[in-house]
Amino acid sequence: MSETVKKFLYVNRKAPYGTIYAQESLEVVLIGAAFDQDVSMAFLDDGVFQLTKGQDTKEIGLKNFSPTFRALGDFEVTKLYVEKESLAERGLTLEDLQNIEYEDEDDDWAEKPSIRLVSRAEMADVMADQDVILSF
Amino acid sequence: MATLHTVNKSPFATQSLLSCLAHAKAGDTVLMIEDGVYGASAGTGLAEAVAGLGGGVTLAVLAPDLKARGIDAARLMDGVKSVDYAGFVDLAATHDRTQSWL
Amino acid sequence: MSYEVDGQEIATDEEGYITNLPDWTPELGAVIAKAEEIEMGEEHWAVVNFLRDYYEEYQIAPAVRVLIKSIKKSMGPEVGNNKYMYELFPYGPAKQACKIAGLPKPTGCV
């Protein structure tokens, strides 16, 4: 078995319920988490809508998968890059997003925020730093 | 460490091409395929934005998709490279990673 | 395939996972366990209850590692370890315990 760890970035650019992309992305991330790679997620354009608070899908007959983002830390997915410009264009701030945390095992299991706000230029740097990019 | 970006939707229907160009870095290639090829024509409402954003970025278009849609190569913006399927494979092989803008 | 509790029939998929999550009751859990040939003890219930609480909060079953960590905390290291989990649920804490807990088959589990 190869010991090589690759950097995987899952890029999310779609709103959560209009298409199946967002939910599929999350499923693939959770399955992929079993392979011990260096996994990050990026949220830009309409993808930032996936992380908003207060989603309630009862009346549209779809599963509300937004709580699952808060479990990602348990699967060692602890880097969620969110693009500032995409939030601003949609009238959103960090306050509108769920609080997503992970326990840092290298720091006595201290709870730390998983969401990292980045500028568009920083997001481009994050993308250029990957071995594999999976788009949804 | 360059990236090959592919865009497969018309820029008149989605933001994908503009978002792609805003994240592409010098040395990268943006290849327009399928309905993405509508973004390669000169003289559209988008041509200026497309040309202006892509500094240092190579723009390319997949010729069979262009042909299928009846777009003459003469209508392409200046500097847009036309590639066939083999050229697409070469681009994928000569870049470090591929990123699809769906 | 289906289960029967108090004369009521509970629908499942072809592998025996119930299809309507709100159908679940501890009585149904016991019926599923019996079909799986598992005698439910306090430790089994601790696992099932943790799975249900976790699912309720996150809409997903936990990673096995997370389950074990929590059981270790609540019931001690003799119970909260991988080997013992398989003694409790021979077909795996993910697949089998989730089935008894009335949760969907875990993602990525073949």
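**Exercise 1. Where chain A meets its neighbours**

Count how many residues of chain A are in contact with chain C, and how many of chain C take part.

*Solution.* Start with the cut-off: two residues are in contact if their C-beta atoms, placed from the backbone, lie within 7 Å. On that basis, 13 residues of chain A touch nine residues of chain C. Next, sort the chain A side by class: seven residues are nonpolar, two polar and four charged. Here Ala, Val, Leu, Ile, Met, Phe, Trp, Tyr, Cys and Pro count as nonpolar, Asp, Glu, Lys and Arg as charged, and the others, Gly among them, as polar.

A quick word on the ground rules. This is a predicted model, in which local features need pLDDT of at least 70 and side-chain atom pairs count only at pLDDT 80 or more, while totals for chains, interfaces and linings use all residues. Residues are numbered from 1 along each chain as its sequence is written, and chains are lettered from A and ligands numbered from 1 in the order in which they are written.

Now turn to chain B. Its contact with chain A takes 12 residues from chain B and 13 residues from chain A. On the chain B side, α1 and β5 each supply at least two residues, and β5(B) gives the most, with four. By class, that side of chain B has four nonpolar, six polar and two charged residues. Helices (H or I, at least four residues) and strands (E, at least two) are DSSP runs, numbered from the N terminus.

**Exercise 2. The sheet of chain A**

Work out the strand order of the open sheet in chain A, then see what packs on it.

*Solution.* Five strands line up as β6-β3-β2-β1-β7, with parallel pairing. Its edges are β6 (115-118) and β7 (132-135), each pairing on one side only. From one strand to the next, the twist averages 25°. Two strands pair if DSSP finds at least two bridges between them.

Go through the bridges next. β1(A) and β2(A) run parallel and share six bridges, and A:Asn12 has A:Phe43 as its bridge partner in β2(A). Three bridges link β2 (residues 38-43) to β3 (residues 80-83) of chain A, again parallel. One step along, A:Ala42 is partnered by A:Tyr81 in β3(A).

α1 (residues 21-32) of chain A lies across β1 (7-12), β2 and β7, at about 165° to β1(A). α3 (residues 120-128) of chain A touches β1, β2, β3, β6 and β7, and its direction makes about 145° with that of β3(A). Axes are lines fitted to C-alpha atoms, for helices over the stretch in contact, and angles run from 0 to 180 degrees between N-to-C directions.

Why is β1(A) largely enclosed by the rest of the structure? Because five of its six residues are buried. A residue is buried if 20 or more other C-beta atoms lie within 10 Å of its own, exposed if 12 or fewer, and partly exposed in between, with C-beta atoms placed from the backbone.

**Exercise 3. The sheet of chain B**

Do the strand order again, this time for chain B.

*Solution.* The open sheet reads β4-β3-β2-β1-β5, with parallel pairing. β4 (81-83) and β5 (97-101) of chain B are the edge strands. Ignoring direction, neighbouring strands are turned by 25° against each other on average. Four bridges hold β1(B) to β2(B), where B:Leu4 has B:Thr29 as its partner.

**Exercise 4. Cores**

Find the residues that touch the most other members of the largest nonpolar core.

*Solution.* A nonpolar core is a set of buried Ala, Val, Leu, Ile, Met, Phe, Trp, Tyr and Cys residues joined through C-beta atoms within 7 Å. The largest has 50 residues, and A:Met41, A:Ala42, A:Phe43, C:Leu51, C:Ala61 and C:Ala97 touch the most other members. Helix α2 (residues 42-58) of chain C provides the largest share, six residues. A second, separate core of 22 residues includes B:Leu21, B:Met32, B:Ala40 and B:Leu62.

**Exercise 5. Positive phi**

Locate A:Glu76 and C:Gln59, and say how exposed each is.

*Solution.* Most residues other than glycine have a negative phi. A:Glu76 has a phi near 60° and sits in the loop between β2 and β3 of chain A. With 16 C-beta neighbours inside 10 Å, A:Glu76 is partly exposed. C:Gln59 has a positive phi of about 60°, in the loop between α2 and α3 (64-75) of chain C. C:Gln59 is partly exposed too, with 17 other C-beta atoms within 10 Å.
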